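This briefing goes with the sequence and coordinates shown below. Please read the points alongside the structure.

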Amino acid sequence: MAAAVNVLEPAGRAQACLREAQACLRLPAAEALEGAGAHLEQAIGQMERLARDLKSGTALSEGERAELLERLGQLRRETARTGALVEGAATLRLGWARLLYAAACGYTARGEPARPEVARRLSVEG
Amino acid sequence: MGLFGTLVSSTGALRVFQKALEVAQNNVSNMSTPGFAKQRLLLEAMPFDPGLGLPGGVFSPGVDSYRSEYAEQAVRRRQEDYGLSDQLAAELSRLEPYFDVTGTSGIPGALNRFFQSISAWSVVPNDQVARAGVIEQAVYLAGRVRDTASSLARARAAADQQICNTVDSINYLAGIIRNLNAQLRQDYRAATDPGVDARQHTALEELARYVDYSTVRQADGTLTVLLGGQTPLVIGERQYEIHAEISGASAAICDTDGREITAQASRGRLGGLIQFRNTTLPAFVGDLDRLAASVADRVNGILAGGIDVNGQPGGALFAYDPAQGAAASLRVTTLRPEELAGALAGAPGGNGNVLELAGLVDSPEIDGASFMGYYGALARNVGRALERAREDLKTSEQLLLQARSLRDEISGVSLDEEAIRLVEFQLAYQASARLVMVLSELTEITINLVR
């Protein structure tokens, strides 16, 4: 039973971390991405621990193996969803930033939003 | 600048601040109104030059909305994805119960029973009871196949009805937008009415749940709505209704003139329904028909190669009508038990042909899979399609929340912000009100002095 707890627990914790990350990503803001990043790092730590346990030759019964596989399948889906949310947040923010740049600075000849330029002035004193 | 000029300037400022308070108050009152975007009063300084008699002051050129069309578009695009995923998941959920994967009921259970009856017959090839048992299980198998086909037909009918309902909803929402366009054309004040703006955007967001479209705002504030970016739904005060054609093998969406525009409805609930009705479901029906036809043809083929108890060539046990679909029309013929060809031509009274029938249970018959294996793959495909749809639904729901959060951040009403604005305007209003009161008293004193 101790072996079962050691093997299944990291996957469950990683899933919980991913859900926390997804909750952060409901707001497509920089702070949200930073918060999500912290949870993702924790999820990675749990998965590294799981990989170490499995590599060390932890014995698994058929039932434990089946349950672990199911949890890992769920984890995969949650990871894909978290990735989609990160991409979605980036898409929204990038689009908004482009709009703001265009509103503030207009467009380039290629139709891209222009970036603000730093004004320089040359004075000659003699 | 004279005293009256100052009075005029202060009175004008008071009116502006009064208007600003009304705008802020309206924002707070409508915080929960669907589609409402907070407004702000635009302020501009008037020219001030006492030497030229310009009294200065403040005036308002009008009210501006905080609404971001970028954020609104982002929400609508994700609403379209959500609508598609939601509808697809709902339709596939209806199919799941019809495909048993446990092997104990439905088609797999019936296949098991049929081949078990053949195994029993192989032991006593000339026993009438065993022969009758095979026919009985064949009837049971045909019945389960027809049941599954009927269930898929009911799912198709349900999808057809949903398509009609969805088209009605689209036409209804387009009607709301058309009515708002009419209001905008008839009353110029509607262009700055936040209520009209809120109703417009609410209708647009609701419409995005049903179908993908694009909008063009005209100079008079009216909206042109194009389904799939191509087919007009609303232009000015005119609406162009779409309708569904569901009598054929595929469901079709047609515009007002009867032209087919099905391919343009690729997202939203309508896109999901069309995808399910015209692609996903026919694929499953086709696979089921293939299974039914293969079972019938192979069993009949083996029986035709043997002889019955009277030494006659074997007759067909199963029959079906390809025009109606093999699964929907699969039935057992009027073959009697003694007419089942259990023996090979060269060994009358034997069980050679029965053994060949029994070998079908593990034989790779369809795409390298046995009948049970093929059915299992079909059931797994249904399950996988449903799982994918549910995953897509969860993801699209969260992406929609993301877009709404961005929209609220940009254009939503925040109580904190409005409270601060109210305090700011209240302070400015109080200051201007005091100035007007002082000037009024000074004017009375001066008049009395002149008298």
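The model is predicted. Chain A and chain B bury about 1600 Å² between them. The largest nonpolar core holds 69 residues, and a second, separate core holds 26 residues.

**Interface of chain A and chain B**

- The contact takes 17 residues from chain A and 17 residues from chain B.
- Carbon and sulfur atoms account for 58% of the area buried between the two chains.
- Of the area that chain A buries against chain B, 39% is supplied by Arg26(A), Arg81(A) and Leu92(A), more than by any other three residues.
- The interface has three salt bridges and ten residue pairs in polar contact, counting pairs with both residues at pLDDT 80 or more.
- H3(A) gives the most to the side of chain A that touches chain B, namely twelve residues.
- That side of chain A is made up of nine nonpolar, four polar and four charged residues.
- Arg77(A) pairs with Glu387(B) in a salt bridge, with 3.1 Å between the closest N and O atoms.

**Nonpolar cores**

- In soluble globular proteins, nonpolar side chains tend to be buried together.
- Within the largest core, the residues touching the most other members are Leu92(B), Leu95(B), Phe114(B), Val299(B), Leu317(B) and Phe318(B).
- Both chains contribute to this core: helix H3 (62-105) of chain A supplies at least two residues, as does each of several helices of chain B, including helix H2 (69-95), H4 and helix H6 (268-304).
- H9(B) provides the largest share of this core, 14 residues.
- Beyond four places in sequence, the contacts of Leu317(B) include Phe114(B), Ile135(B), Ala138(B), Val299(B) and Leu303(B). Arg331(B), Val332(B) and Thr333(B) are also among the residues that Leu317(B) touches.
- The second, separate core includes Leu173(B), Leu204(B), Leu233(B) and Ile274(B).

**Asn171(B)**

- Asn171(B) lies in helix H4 of chain B, which spans residues 128-186.
- Is Asn171(B) buried or exposed? Asn171(B) counts as buried because its relative accessibility is 10%, and the cut-off for buried is under 20%.
- The side chain of Asn171(B) reaches the backbone oxygen of Ile242(B) at 2.9 Å.
- With neighbours within four places in sequence left aside, Asn171(B) is in contact with Gln239(B), Glu241(B) and Ile242(B).

Definitions and conventions: Residues numbered from 1 in each chain as written. Chains lettered and ligands numbered in written order. Predicted model: local features only at pLDDT ≥ 70, side-chain atom pairs only at ≥ 80, totals over all residues. Heavy atoms only, no water. Helix = DSSP H or I, 4+ residues; strand = E, 2+ residues; numbered from the N terminus. Buried < 20%, exposed > 50% of the residue type's maximum accessible area, 1.4 Å probe, protein only. Polar contact = N/O pair within 3.5 Å; in protein donor to acceptor, adjacent residues only side chain to side chain. Contact = heavy atoms within 4.5 Å. Core = buried A, V, L, I, M, F, W, Y, C linked by side-chain atoms within 4.5 Å. Buried area = accessible area lost by both parts, 1.4 Å probe. Salt bridge = Lys/Arg side-chain N within 4 Å of Asp/Glu carboxyl O. Nonpolar A, V, L, I, M, F, W, Y, C, P; charged D, E, K, R; others polar.
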